[in-house]
Protein chains: 2
Amino acid sequence: MNEKQIPDIVIGRLPVYLRALQRMAQEGRQVTSSQELGERLGISAAQIRKDLSQFGEFGKQGTGYNIEFLSGQLLEILKIEKVWDIALIGFGDMGRALASYSGFNQRGFRIRMIFDSDPRKIGQEFGGHTIFSSADIKEKIQGSGVQIAMIAVPAEFAQEVTDNLVEAGIKSILNYAPVNLNVPPNVRVQYIDPAVHLQRMTYYLD
Amino acid sequence: MNEKQIPDIVIGRLPVYLRALQRMAQEGRQVTSSQELGERLGISAAQIRKDLSQFGEFGKQGTGYNIEFLSGQLLEILKIEKVWDIALIGFGDMGRALASYSGFNQRGFRIRMIFDSDPRKIGQEFGGHTIFSSADIKEKIQGSGVQIAMIAVPAEFAQEVTDNLVEAGIKSILNYAPVNLNVPPNVRVQYIDPAVHLQRMTYYLD
């Protein structure tokens with residue numbers, strides 16, 4: 001499966017397909033079609049069929065996709081049939097909201113460590129975690145098996161935190177700080193910045 | 001400027017360019033180049049030049065871009081030289097983090113109304129807002145001039161909230177609920193779902 005290079009934009013749509021399939025399963029549904037999935041997602045049925053065909057033959061002509069089977073396949077492809085540990089850096093309002101979010105556990109992720117640089121927060125307990133000092137990022141993460149981090153620190157500290165995370169062996173970063181990060185080519189970053197999303201929509205408003 | 005149709009993917013990169021330019025300005029910089037911008041953003045210089053050329057001639061061959069001028073142009077193109085009011089629906093952990101986020105004000109947005117369905121929250125004050133009942137979405141938003149909403153409610157309530165927002169005249173929705181929304185063609189939705197972003201990266205991990 002890893003022999004051919006699949007465009008990242010295709011990979012990026014798979015979690016969205018999975019989310020919709022899991023929702024259908026919750027609704028008690030058993031079978032769906034690329035048409036129905038496409039209507040739910042605002043993506044063409046042809047695009048969905050083409051994306052999925054990169055990974056194998058998941059549906060039968062005329063009978064559609066078995067929701068449970070296709071979900072299971074996507075979990076495997078995305079490697080989230082296991083649970084991934086996450087280090088959360090920054091325990092301000094956003095960090096706290098992320099640490100409190102129950103949705104991660106059902107979707108392949110678990111926050112395992114929380115770091116902050118505020119002496120008033122360091123040493124506090126939250127949800128079974130002792131909040132560590134950001135000064136200890138390398139020490140705590142290195143050798144822990146944690147490969148994913150979420151950054152929720154102010155923009156001006158994000159690059160320094162990132163450098164420490166990369167040195168500690170982190171390979172995937174979800175960055176909530178509103179700034180671009182410089183990372184080596186073997187490290188992936190995804191960005192969440194609500195202002196960027198909003199600014200993309202105001203263009204179309206009057 | 002609105003006569004030719006510019007691809008949404010180009011529009012989507014402009015806020016990222018703007019964010020980088022504003023950061024450079026904070027660093028005391030006055031001039032940049034598509035090369036430098038591209039290196040910061042992991043986007044090719046040619047792509048940046050091509051994107052910007054859709055809107056006009058912003059740089060001079062050999063001297064690069066004036067950061068303040070280009071930022072100002074992007075603010076105008078994205079229509080964020082003014083401040084947009086936002087209705088926030090859902091005042092749980094994520095809603096509270098969004099309501100507390102100071103970054104909106106500097107970037108063209110202001111939360112003007114907060115709604116929740118929890119009787120214990122309705123009527124409370126937060127940051128100068130009285131939290132309204134979600135039952136009053138239509139009444140409060142209609143005629144208020146608010147065109148943008150952020151949804152931070154549990155997935156199972158997101159579509160109903162959306163339907164009310166659309167009826168109230170909302171044109172842009174930033175959705176934090178982990179579910180796809182059905183909206184009419186004149187309404188835009190952007191999605192923020194950390195699990196989707198994370199699942200896109202686990203594909204590449206071992």
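**Entry 1: the interface**

I looked up how chain B meets chain A. I found 64 residues of chain B in contact with 64 residues of chain A, contact being heavy atoms within 4.5 Å. The model is predicted, so I noted its limits: local features need pLDDT of at least 70, side-chain atom pairs count only at pLDDT 80 or more, and totals for chains, interfaces and linings use all residues. Residues are numbered from 1 along each chain as its sequence is written, chains are lettered from A, and side-chain values use heavy atoms without hydrogens or water.

Next I took the area. About 6100 Å² is buried between chain B and chain A, and carbon and sulfur atoms give 61% of it. Buried area is the accessible area (1.4 Å probe) that two parts lose on being put together, summed over both. Q199(B), R200(B) and Y203(B) supply 13% of what chain B buries against chain A, more than any other three residues.

Then I turned to charges. I counted 6 salt bridges between chain B and chain A; each needs a side-chain nitrogen of Lys or Arg within 4 Å of a carboxyl oxygen of Asp or Glu. In one of them, R19(B) and D193(A) bring their closest N and O atoms to 2.8 Å.

**Entry 2: strand β4 of chain B**

I moved to β4(B), residues 84-89. Strands here are DSSP runs of E, at least two residues, numbered from the N terminus. In this strand, 6 of 6 residues are buried, meaning under 20% relative accessible area (1.4 Å probe, protein chains only). W84(B), I86(B) and L88(B) point one way, and D85(B), A87(B) and I89(B) the other.

I checked its partners; pairing takes at least two DSSP bridges. β5(B) runs parallel to β4(B), with 6 bridges, and W84(B) stands opposite F109(B). β8(B) pairs with β4(B) in the parallel sense over 4 bridges. There, L88(B) stands opposite M150(B).

Conventions:
Buried means under 20% relative accessible area, exposed over 50%, partly exposed in between (1.4 Å probe, protein chains only).
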